[in-house]
Structure formats: C-alpha cells, structure tokens
Amino acid sequence: VGVGVAAMGVEYFDEPALVLMLAALPAGRFEVFSGARKLHRIEPFSALVHADPNTPDLAELIGEMSDRLSSGYVFGGLASSRSAAVHVADGAWRGGLSGVAFTRDVALVSRVSQGSQPLGPVRRVTAAERNLVLALDGEPALPCLLRDIGLADLSEPRTALARLRATLVALADADATMLGRGGQFGADTRVRHLVGLDPARAAVAVADGVEPGMSMGFCQRDVQAARRDLVRICAEIRDEVESAQTPALTTGDGPDPLAPLDDGPSGAPRRIAGALYVSCSGRGGPHFGGPSAELQLVQHALSGGGPEVPLVGFFAAGEVARHHVYGYTGVLTVFTAPG
C-alpha cells in the first residue's frame, strides 16, 4: 500500500517488500470491508482504513466511516505509489476505502505526531473564499504570512520564493484547539501546502477548503520537533497501557468514548501486543537523519528498554486519524492485551 513499508526497526523504500503482523483476534471481534464487501456482521467500534488518494470526496467518505463507528475513531492512511495506488482487503482494490473494523473488545491506544513547527501566532480566519484566505484576525492574510516568515515584502523574488516554498499552513476547525502540549500542534490540526499568493487581494491560497472561524497558522517542517513529538507520543502510549486502566480506546486528543473490556478485571495491568505506525511518505529515515531512523526511533521509544514491541507500518500519501486526513504526520496505534 505504500512506496515504503516497515517491520520492526527497518524501513523498505522503493523496493519490493511485504510485511506481516499476525494478530490473535477471536472471531466476531473484527470484520474486513471494502467497496465490494460492506460491514454487516459486527457492531464496529474502531477501524483501520486504507484509501485511494484519487478517490473523489475522500474526506467525506472517511467522515461517513467515522460516523458508522461507535467511537468515531478511524486510523490508517492513503495508499502511496509511483504509479497506480492499490489497497488490499480480501482482494486488491483501486478507489474508495478498505480495511478492517473492530468491536470495542479490541483495545487500542492511538496518538498523532505532528512534524511541523509553528512560525508565528495562531490566528482566526475572518474572511475566506473556498481555498483562498483573505483575512486573518481582520487583517489582510498576505502581510501576516510575510511577517511570520521574516519578509518585509516581495521585492526580492528569489529570497521570497525560497522561504515560501519552505512554508506550510496549519488549519483547525472553529471548535478545535490548534496547539497542544509544549506549544506544538495538536491532533486536531491539519498541515497543508501553501499553493499560491494573490498580491492584488493580499490573500494566500491553501491546498484545502478554508472557512471563516477556523484557526490558522503558518509553519515549517522541523526534524527536531518531529523527533521530540514522536518520542512524546510513544511515552504517552506506554504510560497509558501501564497505568492499569482498561479502556477500549484512548487517543489523547480530547474526551474519548471509553468502555470497559470483557477480557480482564478493571484495573488489571495490560501490555502492548503489537503496534501499527503510519507515517508520511515525505518522512522516513532520510528525513530523520539516516536509513530507517524513524522506525528505529519508534521501536526504541515504544519498547522503553523492555522486550521489542511487534511493529509494522507503511508510508502514506496522507495519514488518517479520527475523521481527519493529515500530512507530514505519524499515526501510531497499539493493540493491548492483559499483562
């Protein structure tokens, strides 16, 4: 499903490879689905999805899948390919979604790790047309952008172009919190490309629809911030699992739909049975400093000095968590079992 796949601490990019993690899940606790095979046998609580990035209205399809789940939590990613994007679920598919849904008895802990560093303040979008941002906090958007990236104007095109190409846009819905712990972007923040400027209207164009009331900030990819955030979510997951709680799902990004499990007493210790990591195809080892550096970081931080956690993953054309499609992020989900 990706230009790169991963197993344990090794990343396989641009070469034939297949990775496999076997999970001992009782019948009746999961169901495979695709466009040709609808969910109908279980009451779905959460779902791992793969999707074709060329699917029209993909965000709406993922939102519909989220609405079908009693927790609302979808995780996974968009298939990435040098040619046709294919995803697999009891068959090879192009277009739409496929994956596996789980009942609430399959306990998960999931976190989103952002890979970008804020460049300036978070502002409120006060005027916008489709993907064109006209005003931020009542001020024309273009001067805000130039100020945040350290430019007085566009009089030196070569310098301006270099800085603009390194700049991304962070968006969050009107009712969401953009910044999380340590002043970094939280799980409700989506990072998108800056795709153009409109000097005549002092506006900026973003690779996503923008509406008045949304939060917006400018940012850039930052390796050190990405490393710190990745270590942080691994530590949070370990602490969550080892805290003797038994929720069906925790995501760390707001109130979670918790439910007691049926396979152990309340307060019983738990362990990580296996982990799935979906990262952006623009990340991976080279972005983090060397071959397989990203997966080695996850493997080490998630194991915490103990036995190695079974870990598989892939590098996506967009990462999925809850009902959002992200970019430049990592989505780490672990399956837990009684200790």
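## Contacts of His287

Beyond its neighbours within four places in sequence, His287 is in contact (heavy atoms within 4.5 Å) with Arg221, Val223 and Gly282. In this predicted model, local features need pLDDT of at least 70, side-chain atom pairs count only at pLDDT 80 or more, and totals for chains, interfaces and linings use all residues. Residues are numbered from 1 along each chain as its sequence is written, and side-chain values use heavy atoms, with hydrogens and water left out.

The side chains of His287 and Arg221 make a polar contact at 3.5 Å. A polar contact is a pair of N or O atoms within 3.5 Å; within protein, one must be able to donate a hydrogen and the other to accept it, and residues adjacent in sequence count only if both atoms are side-chain atoms.

## Setting of His287

His287 sits in helix H5, residues 284-288. Helices (H or I, at least four residues) and strands (E, at least two) are DSSP runs, numbered from the N terminus. His287 counts as buried because its relative accessibility is 17%; buried means under 20% relative accessible area, exposed over 50%, partly exposed in between (1.4 Å probe, protein chains only).

## The open sheet

An open, mixed sheet has 7 strands, in the order E2-E1-E20-E19-E23-E9-E18. Two strands pair if DSSP finds at least two bridges between them. Its edge strands are E2 (10-13) and E18 (249-250), each pairing on one side only.

Strand E9 (residues 108-113) runs parallel to E18, joined by 2 bridges. Val109 has Thr250 in E18 as its bridge partner.

## A helix on the sheet

Helix H4 (residues 223-242) packs on the sheet and touches E9, E18, E19 (270-280) and E23 (330-338). The direction of H4 makes about 165° with that of E9. Axes are lines fitted to C-alpha atoms, for helices over the stretch in contact, and angles run from 0 to 180 degrees between N-to-C directions.
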